[in-house]
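Trainee: Hi, could you walk me through this one? I'd like to go over it piece by piece.

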Amino acid sequence: MDPDEFFELFTALLRRNAFSRPATLSREFFVNKISRDIWGDYEKMRQLGAGTFGTAHLARRRDTREERVVKVVAKARTSKPLDEIEQEILVLRQVDHPHVVRLFEWYEDTSSIYLVIEALKGGTLQNVLLMMQQKKKALQEGWIQKVVGQVADAMTYCHSLRLIHKDLKDENVMLLRKDPNFDEPFAVVIDLGVAEMFSVADPTCREIAGTPSTMAPEVWSGKFGPKCDVWSLGCIFFELLSGSLPFSANTIQPGPWLKLAERGPNWNLVKTSPQSRMLCKAMLSFAEKDRPTMKKVAQNAYPALQTKLKLVPPEQFTPLTTFCSQQKAKRSLLLELASRLPMSRSQDIIEMFEGLDVDRSGEIEEAELEEMFLKMGVEDKDLIHRTFEALDCNNDGSLSFSEFAAGALLLFKDMLEESFRAMFVGHDLDGNGKLEPAEAREFLQGVAAAMNPSGDDPALVEVLLAEVMAAGDGSKVTYEQLRDVVLGGALAATPVAP
């Protein structure tokens, strides 16, 4: 081999290893590359935008009719974008938080890579600010605090993964849905393409990236840590409070920007509460060491959310405790369903999750889950411990959003049935309302793989397949028959109305 051939082979092996299924069970396990033509699975609705390296389209799944955004990255533009999009895939696969955009799957052909992500229909914060300026109106402070708190929650979680965004700005925060009355925002962080990992031992990075108007002073020097995101969020916070950018200069040279940053923004433009102003000032401290951590921002940005446990009457809350007694196949399937949940249909579960996450870590600790159970009248601490252990699929001592949602689906039977039906329809390739053995086998492969993530187990698939096909006529199985076999009593209880 000559050097170029060796480099191509070495890169291919690295890619194969990086994108293989992880050995531990988590949402990342179910986010995989699909080896089909994407436009056979999706139909384009309209183009949302175009950039240097590709386009974004609103698209609809042909089987379930669910809307997604398909981000198309052309490989041929330059050699760098392919590396960048692979970095974005690796980042989005491991991130599991309601306020970070969700990657569901990706496709690849000879010319492009296609990322299938959550459809965010509320526009960017930049869109909101422009609209309010046109109407000569100001945003309500409570709405602003919620948005900043949600972004801080998302970035606290990312920082716990040793992941820095590096380019937080009003264009990179979107709203999940339109919020015409500005009373219930749902902010989502996007564009982790320039994100960079930092080590625990040396939490600094050296590759300059970002947008000058929101770039922290230390980023210009090329040596910075996760608090650069605190500065950037502080810039967004100031912009939302005042309607103006905190810093503006007609140059990309660092000198003028650093002088502006050291002097600070015009605080006379901020007319909101002293608490908001004080927090924003702390976030825009020129010296990195004087800024709060993102977790401190999350804990202080707005009053801790109160979980809406009233959505679930205490007598109907106990199904969550049955999660630990479910067969492993059912627990694996519930995690897969939770991993595929769109945020737009998960509001009840998200509110419970955020209410339980008292320390704003982006994950639920056993003590937090125990407190919820005790409030609901479940006092068996051994049962609570076993439930937590069963939910903690990757055994890391805390519950990610998808791990918690897998159990919470047992509380919301209508959501569980809807998700299971969508999964069934996605495997019913001929659309006849029944799965043939080949379709049922593909349906069950994910469940079997999740039951034994360390390697393929064809025998397990065949055991599950035999049980499923026996419920039908031996040649095909209906939705109801598959549901009853795979989920068993999980859907037996009376549905809880949201």
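Mentor: Happy to. One definition before we start: contact means heavy atoms within 4.5 Å. This is a predicted model, in which local features need pLDDT of at least 70, side-chain atom pairs count only at pLDDT 80 or more, and totals for chains, interfaces and linings use all residues. Residues are numbered from 1 along each chain as its sequence is written, and side-chain values use heavy atoms, with hydrogens and water left out.

Trainee: Thanks. Which residue does UniProt list for "binding site"?

Mentor: Lys75, from an unreviewed entry. UniProt positions are given in the numbering used here, feature names are shortened, and annotations may be inferred rather than shown by experiment.

Trainee: And what is Lys75 in contact with?

Mentor: Leaving aside neighbours within four places in sequence, Lys75 is in contact with Leu82, Glu108, Asp109, Thr110, Ser111, Ser112 and Ile113. Lys75 itself lies in the loop between β4 (67-74) and α3 (80-94). Helices (H or I, at least four residues) and strands (E, at least two) are DSSP runs, numbered from the N terminus.

Trainee: Why does Lys75 count as partly exposed?

Mentor: Because its relative accessible area is 23%. Buried means under 20%, exposed over 50%, and partly exposed in between (1.4 Å probe, protein chains only).

Trainee: Let's zoom out. How many helices and strands does the chain have?

Mentor: There are 19 helices and 12 strands. Of the 498 residues, 53% count as buried. Among contacts with a separation of 6 or more, 67% are between residues 24 or more positions apart.

Trainee: Which residues does the "domain: EF-hand" annotation cover?

Mentor: According to the unreviewed UniProt entry, residues 344-379, 380-414 and 415-450. Over residues 380-414 the chain is 60% helix and 0% strand, with the end C-alpha atoms 28 Å apart. For residues 415-450 the figures are 75% helix and 6% strand, and the end C-alpha atoms are 22 Å apart.

Trainee: Moving on to α18 and α19, at what angle do they pack?

Mentor: Helix α18 (residues 458-471) and helix α19 (residues 479-487) pack at about 135°, with their axes 8 Å apart. That makes α18 oblique to α19. Here axes are lines fitted to C-alpha atoms, for helices over the stretch in contact, and angles run from 0 to 180 degrees between N-to-C directions. Under 35 degrees counts as roughly parallel, over 145 as roughly antiparallel, 65 to 115 as roughly perpendicular, and the rest as oblique.

Trainee: Who makes that contact?

Mentor: Glu467, Val468 and Ala471 of α18, with Gln481, Leu482, Val485 and Val486 of α19.

Trainee: What about Val477, buried or exposed?

Mentor: Val477 is buried, with a relative accessible area of 0%, and is found in strand β12 (residues 477-478). Beyond its neighbours within four places in sequence, Val477 is in contact with Phe424, Lys434, Leu435, Val468, Met469 and Leu482. Its C-alpha atom is separated by 9.8 Å from that of Glu439, 38 residues apart along the chain.

Trainee: Last topic, backbone angles. What is phi for Lys166?

Mentor: Near 80°, a positive value in a residue other than glycine. Most residues other than glycine have a negative phi. Lys166 lies in the loop between β7 (163-164) and β8 (173-175) and counts as buried at 5% relative accessibility.

Trainee: And Phe182, where does that one lie?

Mentor: In the loop between β8 and β9 (187-189). Phe182 has a positive phi of about 50° although it is not a glycine, and at 15% relative accessibility Phe182 counts as buried.
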